[in-house]
Amino acid sequence: MLAFLDAFAVDSGVAAHVRLGGEVLRVRPLCRGQQGEQWTVAWRGEDGGVAEEPFDAVVVCSGHCSVPLVPKIRGINKWQGKQMHSHNYHTPEPFQDQSVVVVGLGASGIDIASEISHVAKEVHIAARYSKDRLGKIELYHNAWMHGEIDCIQDDGLVRFAEGSSVAADTILYCTGYRYHFPFLDLDGFTVDDNRVGPLYKHVFPPKYAPNLSFVGLPYKSIIFQSLELESKWVAALLSGRTAALPSEEDMMADVQEEYQRMEDAGKPKRHTHTLWPRWVSVR
C-alpha cells in the first residue's frame with residue numbers, strides 16, 4: 001500500500017511539491033483579498049527552527065487516528081489492572097492467559113477480540129448490543145458478548161449493563177479516535193463531542209470556504225473513493241473548474257438541517273461524520 005501511494009505521488013507530480021519533516025504549529029487567516037481568504041501557516045522544522053509562510057488556501061488532511069478516544073467509566077479509579085487503547089495494540093502475545101475486556105465492536109474491536117482469543121484465557125466484549133445477542137459467542141470457546149461497561153465495582157470487578165460482572169486483567173479500548181486540530185486558530189470553529197464544525201458536506205467551513213477545507217473526516221465509508229471525491233471537489237473549486245459553492249448563509253442552513261435530522265433521529269453528535277447510514281427518524 002505504501003509503495004502504491006509513493007508511486008502515485010510521483011506519477012501525479014505531487015511528490016515534487018511535498019515538504020516532509022515539519023510539524024504544523026498554527027494555521028490562521030491572514031487577510032481577505034480579491035481571491036478570498038489568505039492564510040498564514042507556521043511550522044517547526046527538523047532543526048527546531050520555526051518558520052511562517054502565507055498561502056492562498058489550506059486543505060487539512062491530517063487524518064483522525066492519532067488521538068485515542070477513551071470513554072469515561074464510573075469507578076475506573078478503583079481499577080488495578082492494565083488499560084490500553086487499540087492504537088497501541090500490536091500483537092496478541094502480551095494477553096497470554098489473561099482475562100481481557102474489549103470495549104467496542106467496530107472493525108478494530110472485532111479483529112482484536114478474534115486475534116487475542118487464541119492466547120487469552122477469556123475475552124469479554126462490551127458493546128451497545130441488543131439483549132438477545134448477549135452471552136457466549138458460539139464461534140469461540142472463550143469469548144462472551146456483554147452490554148456496555150456500567151462501572152468498576154468496589155471489589156475491582158468489571159460490571160456490565162446487563163448486570164453480569166467479571167474479574168479482568170486488562171481493559172482494551174477499541175473505541176476510535178478524537179478529531180484533533182490544535183493548530184487551527186479560527187473563530188466560530190469547534191470540535192464538540194467529535195462533531196467538527198460547522199462544515200458543509202463534511203468538507204468546507206462556510207465562513208472560510210473554499211480557501212479552507214477538510215479532506216478525510218467521514219468514516220464508515222468507502223474510504224479511498226471518499227477521499228478521492230473530496231480531493232477532486234476541493235481541487236476543482238480552487239482551480240475554478242467547477243461552479244462556486246452556495247453562499248455562506250445557504251451552507252450554514254444546510255449544516256443546521258443536517259444537525260436537525262440527526263437530532264430528530266436520536267443520533268448523538270459524535271456520529272456526525274458517519275456517512276452510513278443516513279439519519280432517518282422512525283416515528
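About 580 Å² of area is buried between domain 1 and domain 2, and carbon and sulfur atoms give 45% of that figure. Buried area here is the accessible area, found with a 1.4 Å probe, that two parts lose on being put together, summed over both. The model is predicted, so local features need pLDDT of at least 70 and side-chain atom pairs count only at pLDDT 80 or more, while totals for chains, interfaces and linings use all residues. Residues are numbered from 1 along each chain as its sequence is written, and side-chain values use heavy atoms, with hydrogens and water left out.

- Domain 1 covers 1-66 + 178-271 and domain 2 covers 67-173, with bounds that come from an automatic or database domain assignment.
- The centres of the two domains, taken over C-alpha atoms, are 35 Å apart.
- Domain 1 brings 6 residues to the contact and domain 2 brings 6 residues, where contact means heavy atoms within 4.5 Å.
- Which three residues supply 76% of the area that domain 1 buries against domain 2? They are Ser66, Arg178 and Arg270, and they give more than any other three residues.

- Strands are DSSP runs of E with at least two residues, numbered from the N terminus, and two of them pair if DSSP finds at least two bridges between them.
- Strand 10 (residues 149-152) meets strand 11 (residues 158-160) over 3 bridges in the antiparallel sense, and isoleucine 152 has valine 158 as its bridge partner.
- These two strands make a hairpin with 5 residues between them, and glycine 156 in the turn has a positive phi of about 90 degrees.
- Strand 11 also pairs with strand 12 over 2 bridges, with serine 165 as the bridge partner of arginine 159.

- Another open sheet runs in the order 5-13-6-7-9-8 and has mixed pairing.
- Its edges are strand 5 (82-85) and strand 8 (135-136); each has a single partner strand, so one side of each is left without a neighbour in the sheet.
- Strand 5 and strand 13 (residues 170-173) are parallel over 4 bridges, and glutamine 83 stands opposite isoleucine 171.

**Backbone details in the loops**

- Glycine 197 and proline 198 are joined by a cis peptide bond with omega of about 5 degrees, and proline 198 is in the loop between strand 15 (195-197) and strand 16 (212-214).
- Proline 210 lies in the loop between strand 15 and strand 16, and its peptide bond from alanine 209 is cis, with omega near 0 degrees.
- Asparagine 194, a residue other than glycine, has a positive phi near 65 degrees and lies in the loop between strand 14 (190-192) and strand 15.
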